[in-house]
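Subject: Structure for you to look at, with notes

Dear colleague,

Here is the structure I promised to hand over, together with its sequence. My notes on what was found in it follow below, and I would be glad if you read them with the structure open beside you.

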Amino acid sequence: MQFPSEAPLSAEAYDFLARLIYERSRIRLGPDKHSLVSGRLGQRLRHLGLNDYWDYCKLLQSPVGEGEIGELIDLISTNHTEFFREQAHFDLLDRNILPAIANRLVLAQRPLRVWSAAASSGEEVYSLAIVLAEFARLRSGFSWQLEASDISMRMLDRCRRGIYPTDRVNLPSPELLPRYFQRGFDEREGYYRVKAELRQKINVQYINLFQPSYSIGRGQDVIFCRNVMIYFDVESREWLVNRLTEYLAPGGYLFVGHSESLIGVRHKLRAAWPSVYMRPE
Ligand SMILES: C[S@@+](CC[C@H](N)C(=O)[O-])C[C@H]1O[C@@H](n2cnc3c(N)ncnc32)[C@H](O)[C@@H]1O
């Protein structure tokens, strides 16, 4: 068991860390987040054998600091997520959007393209995968592609593994569990794993939403970028929404979190439903 470092976090070190985190991820740490930063980084300092935050700042600036910056952002980012979080979005996809565009896609013989752009540990992605797989069971000729990305390597690992405690796997209907999950035995007792057929359908990759370009095809039909914009300032949100718009197909949809309206953000999208926006055709 490691105990957090008791090193005091000076204002100078805090400002340095907050600025670096903003530059790299656009996560904005206000002046009131000292205890969040020392709470999340204390154990890391101890692990590195450092007693002073300023030494940690020097490490981040050193030639070997680049890898540590990834660790830093990993520790600072908030990764909370759930299966079928904000379920109205999944219902909307299933009942309104998919029935409306499936015919066109089937005729064009092209798959639906979906991207979960701040996927965290994968619950959102697998919820999407279940909705798409269920729709495909009933609509012959319908196919789909699903991309998942995040800035946190730790979360991407979990996403790829697809192993979740049983009490976290809350699905909208009971028959979905045996269809898409395997129960763990022995040392995996108490966990479910997403079945390989579903995991293999998903391409999981590192993407920082503020990197210059994305290794994702333009022409996405649906982008989920939910519960991440709250950590960004208006200027960064505006940049991001306009960048994501470039990756949407005409008529494609951008989903943001229920509490993340685009009020104050200049964009070219049309509000389609609450927290869902469409790129005009
Ligand atoms: C609170 S989780 C949201 C997960 C999921 N979208 C949901 O709504 O349940 C926010 C995720 O955004 C990721 N994130 C934060 N800044 C990012 C950035 N600049 N680029 C990509 N992902 C980022 C974090 O690592 C975290 O996993």
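How many residues of domain 1 are in contact with residues of domain 2, and with how many of them? Before the answer, please keep in mind that this is a predicted model, and that the protein is divided into domain 1, covering 11–76, and domain 2, covering 87–278. On the side of domain 1 there are 7 residues in contact, and they meet 10 residues of domain 2. Helix H4 gives the most to the side of domain 1 that touches domain 2, with 3 residues, and the residues of that side divide into 2 nonpolar, 2 polar and 3 charged. The C-alpha centres of domain 1 and domain 2 lie 30 Å apart.

As for the protein as a whole, there are 10 helices and 10 strands in it. The radius of gyration is 20 Å, close to the 19 Å that the globule rule gives for 281 residues, so the protein is as compact as a globular protein of that length. The C-alpha trace spans about 60 × 55 × 30 Å along the principal axes, and 33% of the 281 residues count as buried.

Two packed helices are described by the angle between their axes and the distance between the axes. Helix H3 (residues 53–61) and helix H4 (residues 65–76) pack at an angle of about 120 degrees, and their axes are 6 Å apart, which makes H3 oblique to H4. In this contact Leu59, Leu60 and Gln61 of H3 meet Gly65, Glu68, Ile69 and Leu72 of H4, and the residues involved divide into 4 nonpolar, 2 polar and 1 charged.

The loop between H4 and helix H5 (87–108) holds Glu86, and Phe84 is found in the loop between H4 and H5 as well. Glu86 is partly exposed, with 18 other C-beta atoms within 10 Å, whereas Phe84 counts as buried, with 20 C-beta neighbours inside 10 Å. Leaving aside residues up to four places away in sequence, Glu86 touches Arg226, Gly257 and His258. The C-alpha atoms of Glu86 and Gly257 are separated by 7.9 Å, although these residues are 171 residues apart along the chain.

Finally, there are two backbone angles to inspect. Most residues other than glycine have a negative phi. Phe84, however, has a phi near 50 degrees, a positive value in a residue other than glycine, and Asn227 likewise has a positive value, with phi near 60 degrees. Asn227 lies in the loop between strand S7 (220–224) and helix H10 (234–246), and Asn227 is buried, with 21 other C-beta atoms within 10 Å.

With best wishes

Conventions
Residues are numbered from 1 along each chain as its sequence is written. This is a predicted model: local features need pLDDT of at least 70, side-chain atom pairs count only at pLDDT 80 or more; totals for chains, interfaces and linings use all residues. Axes are lines fitted to C-alpha atoms, for helices over the stretch in contact, and angles run from 0 to 180 degrees between N-to-C directions. Helices (H or I, at least four residues) and strands (E, at least two) are DSSP runs, numbered from the N terminus. Angles under 35 degrees count as roughly parallel, over 145 as roughly antiparallel, 65 to 115 as roughly perpendicular and the rest as oblique. Two residues are in contact if their C-beta atoms, placed from the backbone, lie within 7 Å. Ala, Val, Leu, Ile, Met, Phe, Trp, Tyr, Cys and Pro count as nonpolar, Asp, Glu, Lys and Arg as charged, and the others, Gly among them, as polar. Domain bounds come from an automatic or database domain assignment. The radius of gyration is taken over C-alpha atoms; the globule rule is 2.2 Å times the number of residues to the power 0.38. A residue is buried if 20 or more other C-beta atoms lie within 10 Å of its own, exposed if 12 or fewer, and partly exposed in between; C-beta atoms are placed from the backbone.
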